[in-house]
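Try each task first, then follow the solution step by step.

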Amino acid sequence: MTRIYLDHSATTPLDPRVLEAMLPALGDLYGNSMSVHSFGRDAERTIEQARDTIARLLNCRPHEVIFTSGGTESDNLALRGPAQSARTDGRPFTLITTPVEHAAITVTARQLQQVLGAALRIVPVDHFGRVSPDALRAALQNLPPDGITLVSLIYANNEVGTLNPVAECAALAHEFGAIVHTDAVQAAGNFALDIDVLGVDMLSISSHKLYGPKGTGALVLRDGVDFLSSHSGARHEDYRRAGTHNTPGIVGTAKALEIARAELDDTTARLSALRDRLIDGVLSRVPDVELTGHPADRLAGHASFAFRSVESNTLLMILDQHGIAASSGSACKVGNPRPSSILEALGYGPDWTRGGLRLTLGRHTTQDEIDTVIDVLPDIIERTRKLSAISMS
Amino acid sequence: MNQKPRVVVAMSGGVDSSVAAALLVEQGHDVIGMMLRLWSEDCGAGGSNRCCTPDQMADARRIADQLGIPFYVIDTQAVFRNTVVQYFIDRYAAGQTPNPCLECNRLIRFEWLLDHARAVGADCLATGHYARTAPAPDGSIRLLKGRDPRKDQSYVLSVLTQDKLRQVLFPVGDYVKAEVRAIAARHGLPVASKHDSQDLCFLADGDYRRFLAEHAPDAVRPGPILTRDGRELGQHTGLPFYTIGQRKGLGISAPEPLYVLAIDPARNALIVGTRAELGRSALIAGHVNWIAGSVPPEPLRADVKIRYTARPAPAAVHPLDGQRVQVVFDAPVRDITPGQAAVFYEGDTCLGGGIIAL
């Protein structure tokens with residue numbers, strides 16, 4: 001059976017050029033970058049070159065790039081650093097975020113509320129999952145005097161693909177003296193991110209979402225942000241993220257970002273066209289379906305749907321048996337699916353929130369693959385609905 | 001095209017269903033593993049049904065991977081709660097002692113799960129039950145006891161119809177337990193029976209009395225303990241807490257030992273009597289399923305099991321109508337319990353069964 005991989009928002013295959021760039025770091029460049037000797041210097045040079053590359057691509061200063069183990073760690077550092085700094089200085093900490101963040105943000109936010117007594121404010125989103133500057137403005141009112149406030153806003157939602165007006169929100173938040181973080185994990189391979197243009201203070205990226213290796217990523221942390229790292233240890237990354245450098249991962253991150261940037265225009269144009277073909281095909285051939293997320297302001301390769309009266313757990317199983325790899329915000333490998341909290345936040349009712357489907361395209365996705373999916377999906381949805389009807393009744 | 005017959009095997013992480021999967025792979029089937037996520041009291045609080053704990057899922061997933069087959073967990077919580085668990089509560093509330101496993105096999109395993117198997121293109125559903133099927137001369141399918149007499153599970157499969165029997169496989173039914181363990185060892189599968197199935201898997205703690213007190217409080221009211229002739233000997237604490245044949249825990253003193261003879265929900269009364277009164281020579285069963293697909297035209301001789309663990313007793317089975325039978329035993333039988341199944345056998349062949357009504 002030929003398999004069709006449409007889960008690029010979950011992860012992407014490693015680009016062979018990235019692998020090639022990483023090989024020396026997995027081989028001869030095994031020194032510890034912190035060591036005094038030549039082995040250490042060789043590793044350090046490699047890492048600093050990668051840092052320069054990333055800083056150039058993102059338009060920030062090299063020392064503002066902190067290497068991490070990936071998006072989740074970057075998000076953790078971004079939330080915990082300012083929270084701990086506020087705690088140490090005895091200042092009230094307010095965290096403003098949205099209902100459409102990745103779990104790395106939502107779960108960490110709840111923990112900061114419980115453990116450090118952070119005040120948590122959630123900005124509502126519209127039916128597309130988008131935050132409006134007006135809603136953010138409302139959430140920025142009546143902040144405690146002399147406090148530290150952090151706004152964390154996802155750049156592009158992983159489940160429904162909607163893009164947020166990050167630059168506009170960042171400028172607004174700065175008017176109120178807040179620090180601004182954006183989780184750009186899904187966006188980094190899709191846009192020519194420019195820290196200055198975005199105006200954010202912190203930005204998370206993950207390597208494996210853009211054809212780089214797993215277990216590595218970065219947090220951009222601009223100068224002047226109140227930050228006491230939660231990842232303590234030796235003086236790596238200027239005490240902002242302790243732990244021996246993952247030299248191959250760091251090299252791979254730089255190379256992956258470099259390739260993504262070089263091929264950006266071609267890729268997004270091609271993927272947007274394929275995505276629209278997929279969306280049109282599904283919407284015209286399957287009854288009781290809605291496109292979730294914004295129809296235009298969405299990630300290039302990202303198509304997401306909600307099917308009424310469908311259990312996405314069952315849907316994913318049947319798709320898998322057709323060789324189609326997809327995902328859903330409510331599915332779960334241990335058979336305990338919950339309604340998608342994202343779809344709930346977007347205002348979908350219980351008939352819809354268990355029936356999310358995300359099909360995310362990538363560099364290797366072909367039109368034939370998309371046409372195959374459009375051909376088989378109507379029957380698969382019908383079969384799933386028959387089974388789901390029993391479970392929902 | 002892939003011509004190998006596709007089979008879904010219901011996996012629990014235990015040795016029997018794992019060996020069933022291994023045998024099917026060995027026989028060249030295109031095998032898919034599925035596990036039912038069933039409802040349990042404390043699922044909402046992050047707990048798990050005792051038959052589908054995260055451990056068991058992880059074990060089943062690992063075994064499936066070892067056998068090189070895909071594995072899926074099917075969320076069955078809502079449908080299981082609304083059918084099997086509700087049946088359990090309702091039957092107890094009606095003064096009976098139900099066996100929910102038969103209902104689960106009828107509605108969940110061989111209906112719900114079979115539907116899922118068909119939805120992924122499978123021709124058959126296999127389980128790790130100790131039972132066998134065989135074609136009869138007339139083209140129908142017989143349900144036979146498992147080869148291991150101590151493990152035979154045909155009793156809980158007596159609800160299956162011809163339509164279902166044509167779509168099921170019981171790969172371990174041809175083996176005794178020791179052989180199944182040996183096959184498991186040969187395949188490097190875990191052989192410890194740490195996940196032997198639990199009868200009342202949806203109870204958090206195995207205490208059905210507490211469960212009923214919480215879920216059917218109306219059915220758990222104190223009432224009189226009466227003799228057959230209506231003498232009141234004391235008070236019971238709630239009918240679901242007693243089973244027929246029970247002697248201990250009645251809280252009454254009498255010159256000779258007294259046993260629960262019957263449960264009378266209409267009067268909320270527990271009927272007790274002496275050991276001599278305990279035996280009964282006949283019962284009526286309803287909701288009868290005849291595995292061959294039709295009601296026998298005349299009474300027949302059969303060995304009848306009145307509980308999963310009971311010894312079969314010789315009897316004459318008289319069909320009363322399409323749904324009911326009267327069973328007349330050759331010798332009186334103890335502990336005939338409404339709500340349990342009466343299952344009829346001719347030698348190794350399971351002819352069918354029904355739910356004891358009185």
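**Exercise 1.** Find the helix that holds L113(B), then decide whether L113(B) is buried or exposed.

*Solution.* Start with the place: L113(B) sits in helix α4 of chain B. Helices (H or I, at least four residues) and strands (E, at least two) are DSSP runs, numbered from the N terminus. This is a predicted model: local features need pLDDT of at least 70, side-chain atom pairs count only at pLDDT 80 or more, and totals for chains, interfaces and linings use all residues. Residues are numbered from 1 along each chain as its sequence is written, while chains are lettered from A and ligands numbered from 1 in the order in which they are written.

Next, count neighbours: L113(B) has 21 other C-beta atoms within 10 Å, so L113(B) is buried (20 or more is buried, 12 or fewer exposed, in between partly exposed, with C-beta atoms placed from the backbone).

**Exercise 2.** Which residues does L113(B) touch, leaving out those up to four places away in sequence?

*Solution.* Contact means C-beta atoms, placed from the backbone, within 7 Å. The partners are A10(B), M34(B), L36(B), I74(B), I108(B) and L125(B).

**Exercise 3.** Which residues touch the most other members of the largest nonpolar core?

*Solution.* Such a core joins buried Ala, Val, Leu, Ile, Met, Phe, Trp, Tyr and Cys residues through C-beta atoms within 7 Å. Among its 216 residues, the answer is V220(A), V9(B), V19(B) and L113(B). Helix α4(B) supplies the largest share, nine residues.

Definitions and conventions:
Two residues are in contact if their C-beta atoms, placed from the backbone, lie within 7 Å.
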